[in-house]
Amino acid sequence: MTWIAQNLWLIPVLPLAAAGVIAVNKQRQRKLAATLAIGSMAMAFLLSLCAFSATLLHRGDNGVFREVAGFNWLQFGGQWLHLDWVLDPLTAIMLVMVSFVSLLIFIFSVGYMAHDENFMRFFCFLSLFAAAMLGVVIANSLLLFFVCWELVGLTSYLLIGFWYHKPSAAAAAKKAFITTRIGDLGLLLGMVWLYAETGTLNFYANGSGCLEQSALAAMVTHMTAAGMAVSTAIGLLIFLGAVGKSGQLPLHVWLPDAMEGPTPVSALIHAATMVAAGVFLVARVYPLMSVHIEGAAAATTALTVVTWIGALTAIFAASIAVAQTDIKRILAYSTVSQLGYMMLGLGVGGVSVGMFHLITHAFFKALLFLGSGSVIHGCYEEQDIRKMGGLKKFMPVTFATYAIGMLALSGFPLFFSGFWSKDEILHAAHGWPVSHIPFYLGCAGALLTAFYMTRQVALVFFGSYRSSRREEAHSSPHAAHIKSEPPHVGSYEGNAVPRESPAVMTIPLIVLAVFAILLGFIGTPAWPWFDGFLNGEPAQFNFAKLTEGGTLSLMLASAVIVFTGLGLGWWLYGKRQRKTAEEPDVLQVAQPTLFRLLENKYFVDEFYETTVIRFNAWAAHGSDFLDRWIWGGAVLLVTWVTLGLSWLYRFTDDFVVNLGFDAGCETLREGGGEMSRWQNGRVQTYLRVIGVALVVLVLILMWGRKS
Amino acid sequence: MTPLQGCLLVSALLFAIGLAGAVTRRNAILALVGIELMLNAANLNFIAFWRYGPNPEALSGMMVVIFSIAIAAAEAAVGLALIIAIYRHYRTVNLDEIKNLKG
């Protein structure tokens with residue numbers, strides 16, 4: 001057991017401690033907050049590197065390197081609940097990715113949030129998020145995983161609603177929380193079922209874990225009432241959690257709205273790490289998803305579902321992105337689409353294919369989001385790409401890095417990471433035995449991806465600057481200053497020309513851009529190091545692989561697709577630049593109905609509004625009616641009866657019992673008072689009475705004698 | 001008038017005088033003197049009914065009166081002791097001022 005596997009818990013605990021310390025400090029100590037958050041993240045990153053090198057050193061000893069450590073958490077009945085963490089290549093690569101991207105985004109945030117008064121709160125939440133996310137990554141117990149998963153959801157909620165005074169942000173936070181909760185219900189059910197079936201929630205535990213051979217073999221032969229293997233049913237339930245978290249098709253609606261949060265949050269949580277947690281979950285429970293009876297078809301039901309959902313999401317979200325105008329919303333739909341690709345990759349090609357795209361995507365999407373943050377920051381909080389344009393000359397660093405990110409996302413051949421990872425997915429999809437449709441969907445998605453990214457870059461960085469603010473500023477220098485001073489731009493003195501962001505923001509961009517290029521080369525078909533790393537096999541350097549089995553023709557095909565998309569985008573948006581911000585989109589002129597459909601995101605929100613939400617509202621109204629009138633009425637009736645009875649009791653008590661008693665008491669008291677006058681303490685009075693009584697007695701006796 | 005009637009008349013007179021003294025006197029000692037008078041009137045009645053009764057040879061009347069006188073002496077002692085105790089307590093023997101016998 002290596003020391004790093006023993007102490008893997010330090011990686012999430014460091015940011016957690018930082019979050020705690022920041023939370024209890026005063027609001028003004030910005031430096032302390034930033035130092036703590038970045039420092040703890042840097043430490044976590046170093047430890048992650050140690051973990052990564054440990055997995056590298058022990059690679060290929062016997063199969064996949066995997067070490068488990070943990071502690072007993074609590075006892076129930078005769079059993080102990082173990083919370084374990086695991087160090088294997090999957091964990092290690094995710095740890096490095098998450099901590100590194102987090103570190104860069106933390107640094108970027110120092111610049112981006114510099115003027116926000118809730119700077120401390122932001123870093124507290126961000127650190128908490130990083131802690132939870134790293135916890136998700138190292139978890140070896142589905143329970144620990146679930147706890148961290150929910151924490152991640154909570155911090156996502158807190159950070160989307162960071163500017164909670166904006167009603168749209170508050171609503172988006174609520175939407176994200178509730179939508180992911182629907183998926184989490186599935187995950188919870190799957191978890192409980194898994195525990196019921198296997199009696200353990202630990203993934204790996206020397207042969208007794210729930211992802212190991214004996215448990216899987218038991219689950220795959222055990223059938224549910226619906227004729228489905230238990231492993232498939234549990235796998236699908238767990239996948240439901242991933243669908244919610246990763247914004248897959250039926251539950252994707254929250255992710256674009258989540259862009260209401262600050263841009264670093266969008267980059268960190270809603271592009272690079274948290275939404276990838278769903279993909280990571282599927283990768284983690286991949287043995288459960290892929291287990292099948294000997295001799296049956298290789299593609300299991302669970303993986304088929306994953307594939308279809310992924311492919312549909314990829315094309316669906318990509319087509320919506322074409323018609324959006326908000327710079328972050330385009331990226332959000334792009335994220336949804338890319339997550340669909342990852343699911344597709346997991347479904348058709350296995351862990352390494354999906355995970356490779358996850359890792360490369362994390363870097364270039366974080367780059368794109370941070371770049372968009374830099375653009376928004378530079379354009380005085382403008383997010384509408386129609387009102388940008390020509391930023392190339394105002395923000396050269398941002399433009400260069402953004403272009404790299406865009407080319408990587410589009411899958412520009414050979415030199416960018418996105419090409420290699422996406423190509424691997426398409427290649428796997430092409431070889432999928434069940435159906436070829438996911439492959440075609442993926443290709444179409446790739447085309448759309450290249451197209452919408454070109455559109456965005458053309459509108460943002462090329463042409464001329466179209467903001468109305470500029471004209472205002474030029475016509476009357478004071479008007480803009482008075483009219484619309486953005487909340488935290490101090491140097492906005494009537495000068496509306498966009499400006500480059502400070503170094504604290506551009507340096508993370510450059511670092512990410514470098515990785516967006518380089519990362520592709522760890523997973524090319526010629527040198528499948530990444531695949532080998534995850535599966536515990538040494539990678540062979542073999543150029544011949546490039547030409548084998550149709551790889552080359554597929555690469556050519558995907559290159560053609562990408563070039564078509566890029567060319568189409570440039571032809572429609574780059575060559576002929578729009579002159580004003582109000583001008584209708586080129587596509588809108590050509591295909592008004594289709595454009596309207598895409599612009600409104602296929603009316604999914606409206607569809608949910610009229611079906612699920614309306615039904616829910618009805619149910620709520622019904623429950624309210626029942627509560628108010630039926631149950632409430634019954635309660636009220638009982639209250640009234642009780643009130644009446646108590647009134648009756650009071651009446652009897654007051655006027656019957658008490659009155660009689662009172663009267664008796666009064667009489668006695670008065671009698672006593674009367675009598676007490678006789679006892680005045682004077683002996684002679686008593687004697688006098690005796691004397692008079694004697695006289696009276698004598699008179700009576702004499703009277704009696706006479707008669 | 002028979003001798004018995006004369007005796008009873010005297011004793012009644014004596015009793016009335018004693019009662020009046022006991023009731024009207026403010027001084028406790030004089031009230032006690034009144035009570036002694038009433039007691040002696042009763043003793044006189046005993047003697048008169050015995051002397052003029054059907055059997056004057058038996059000394060029963062004399063016996064009762066001697067007992068009664070002895071008891072009266074003891075009672076007078078107790079009465080005087082009470083008066084002394086009251087005097088020590090209240091610094092007075094005026095019966096109008098001694099009203100603490102009421103509840």
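Of the 103 residues of chain B, 11% are classed as buried, a residue being buried if 20 or more other C-beta atoms, placed from the backbone, lie within 10 Å of its own. The structure is a predicted model, in which local features need pLDDT of at least 70 and side-chain atom pairs count only at pLDDT 80 or more, while totals for chains, interfaces and linings use all residues. Residues are numbered from 1 along each chain as its sequence is written, and chains are lettered from A and ligands numbered from 1 in the order in which they are written.

Chain B contains 3 helices and 0 strands (DSSP runs of H or I with at least four residues, and of E with at least two, respectively, numbered from the N terminus). Its radius of gyration, taken over C-alpha atoms, is 17 Å, whereas a compact globule of 103 residues would have a value near 13 Å; the globule rule is 2.2 Å times the number of residues to the power 0.38. Along the principal axes, the C-alpha atoms of chain B fill a box of roughly 50 × 25 × 20 Å.

Between the chains, 10 residues of chain A are in contact with 11 residues of chain B, contact requiring C-beta atoms, placed from the backbone, to lie within 7 Å. Helix H29 (residues 683–706) of chain A gives the most to the side of chain A that touches chain B, with 5 residues. For the complex, the predictor gives an ipTM of 0.80 and a pTM of 0.74.

Definitions and conventions. Two residues are in contact if their C-beta atoms, placed from the backbone, lie within 7 Å. A residue is buried if 20 or more other C-beta atoms lie within 10 Å of its own, exposed if 12 or fewer, and partly exposed in between; C-beta atoms are placed from the backbone.
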